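Subject: Structure for you to look at

Hello,

Here is the structure I said I would pass on. My notes follow below it.

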Amino acid sequence: MIKALFRKIFGRKAKATPDAHAKAVVKPSARKRGKGGPQSFGHADHGINPALVSHNAIRVTRTLQEAGFLAFLVGGAVRDLLLGVKPKDFDVATNATPEQIQRLFRRARIIGRRFQLVHVMFGNDTIEVSTFRANQPQDAETDAHGRVLRDNVFGSQEDDAARRDFTVNALFYDPATQIVVDYHKGIPDIRAKTMRMIGDPERRYREDPVRMLRAVRFAAKLGFTIDTGTREPIARLAELMGNVPAARLFDEMMKLLFSGHALECLRQLRAEGLHHGLLPMLDVVLEQPMGERFITLALQNTDDRIHAGKTTSPSFLFACLLWHEVLKLWQEALARGEHTIPALGAAMDRVLDQQTEKLAIQRRFTADMREIWGLQPRLERRTGRSPYRVLEHLRFRAAYDFLLLRCAAGEADAELGEWWTEFIETDSEGREILLTQQTLRDTGAGPAKRKRRRRKPLAPGAEGGSGGGSTDSGGVSS
Ligand code: ATP
Ligand code: MG
């Protein structure tokens, strides 16, 4: 049925359109925006550097065009090219159906259930090719708040522009003619550094509340300002984020946190008063000065690693973002006299239960997070064989990095981090010396007193009287 609809929409016109389009662009008079028609910009107008375009993306558009279809680069790649930035990936939009696309390439796979698209693969490189699709018809199935539940409808190129979120994300670029096709004044918005929603912002946010997060993410990443009309409804509608399926929210969170601009994204979310509801895991944490400092350092560290081309670990960052929630529950339990390790385990369980429900943090991440957290009290124990056993742990490195962040944030003694750095770097003889020195120090100061002093910065605001906890921390490593 969808195929039939598709044929009805495009029919034979599909083959004629690229030529018509190319001619329209050659004639300067035709570039003027007609009645509702798109505006075309040639190379002299947009100045895209063709060297920034991936060869594989060009291969895909050329193959589709040679088979008689329309094919353009779209979305973030065109936006980035116009800003002179090398895109991290390339998406192609075409009027060919997924089956037609697949037949044209040797290694192509149809993916997706909600809306099918095709992954065309060249070695490790994947170009995502999607069929033009229409914005939701008026009678689209929605939830009680207007969120669209199904949008699997093919459409024309114009429809495909209209269903996109922001004007700067709705541009089409044909690498063969070097023409940019602009249906929604995206090029002027790029020049003015403005994020502007296509259509009525409130309705578009209701259709898909994730667009609120995207507005802030792009503004932070690109250094753009969110247009007033696009920004205004966000604060009012932020609570709609609660209706977004957890897996979807998780995907967008990942994009935000690993954009290389996570700190700026968060700063903007807070400046707009949007972190409530938009990012459930951060609601509580950002209200605590100690938590805020720790998270700021963690995000800065992640941004820096991304800019330096280093790897980043989602489990590590999630462990950082949720740490102060765990810490709070843990300290409360210790204050009630519960034992250190079981209390930590219970705190981890509670936080993960809450957050996985909202954010669908996958099991492989939560297992790592537990280990990173669980190793923290073990890193405080610097006698006997304990440090050697910790050193051999699979997650030692992550746990140690985590400890260094805690030291930098002022919630653990800097001396503890320095001790571990030395312990890692020195040889076996050096390690024995470090351990002996530590034992002497511990004995000299008196074990109970010293341990309690070390725990204090760990529990900002917590009452000092957790006697049961401090004695118990001695038995952590077994
Ligand atoms: P990035 O550089 O972060 O990948 P992007 O613009 O490419 O940015 P994607 O999430 O990869 O973002 O989406 C590709 C394109 O699909 C967008 O540019 C936009 O046109 C469209 N799009 C994505 N998500 C939505 C949405 N929620 N609503 C409408 N259009 C969307
Ligand atoms: Mg993209």
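How far does a polar side-chain atom of K221 lie from an oxygen atom of ligand 1? The distance is 3.0 Å. Please keep in mind that this is a predicted model.

The ligand site

A polar backbone atom of G76 is 3.3 Å from an oxygen atom of the ligand, and a polar backbone atom of D165 is 3.2 Å from a nitrogen atom of ligand 1. Taken on its own, ligand 1 has 590 Å² of accessible area, and the protein covers 85% of that.

The shell around ligand 1 consists of 17 residues. K88, D208, R211, R217 and K255 are the closest of them.

The largest share is that of α11, with 5 residues.

As for the domains, ligand 1 lies between domain 1 (2-192) and domain 2 (199-278), because both give residues to the shell around it.

The strands

Strand β2 (residues 71-74) runs antiparallel to strand β3 (residues 91-94), and 4 bridges join the two. One of the bridge pairs is V74 with D91, the latter in β3.

On to the next pairing: β3 and strand β6 (residues 125-131) run parallel and are likewise joined by 4 bridges. Here T94 stands opposite T131 of β6, while A93 has S130 of β6 as its bridge partner.

Strand β6 also pairs with strand β5 (residues 117-122), in the antiparallel sense and over 5 bridges. In this pairing V120 is opposite I127, which belongs to β6. The strands β5 and β6 form a hairpin, with 2 residues between them. What is the phi of G123 in the turn? It is positive, at about 55°.

Aromatic pairs

The structure holds 16 aromatic pairs. I give one of them here. The rings of F396 and W420 are 5.5 Å apart, centre to centre, with 50° between their planes, and the pair is tilted. Planes under 30 degrees apart would count as stacked and those over 60 as edge-to-face, which is why 50° is classed as tilted.

Which parts of the chain does this pair link? F396 belongs to helix α21 (residues 396-408) and W420 to helix α22 (residues 414-425). The two residues are 24 residues apart, and the pair links distant parts of the chain.

That is what I have noted so far.

Regards

How values were computed
Residues are numbered from 1 along each chain as its sequence is written. Chains are lettered from A and ligands numbered from 1 in the order in which they are written. This is a predicted model: local features need pLDDT of at least 70, side-chain atom pairs count only at pLDDT 80 or more; totals for chains, interfaces and linings use all residues. Side-chain values use heavy atoms; hydrogens and water are left out. A residue is near a molecule or strand if one of its heavy atoms lies within 4 Å of it. A polar contact is a pair of N or O atoms within 3.5 Å; within protein, one must be able to donate a hydrogen and the other to accept it, and residues adjacent in sequence count only if both atoms are side-chain atoms. Accessible areas come from the Shrake-Rupley method with a 1.4 Å probe; for residues, only the protein chains shown count as cover. Domain bounds come from an automatic or database domain assignment. Two strands pair if DSSP finds at least two bridges between them. Rings of Phe, Tyr and Trp (its six-membered ring) pair if their centres lie within 6.5 Å; planes under 30 degrees apart count as stacked, over 60 as edge-to-face and the rest as tilted.
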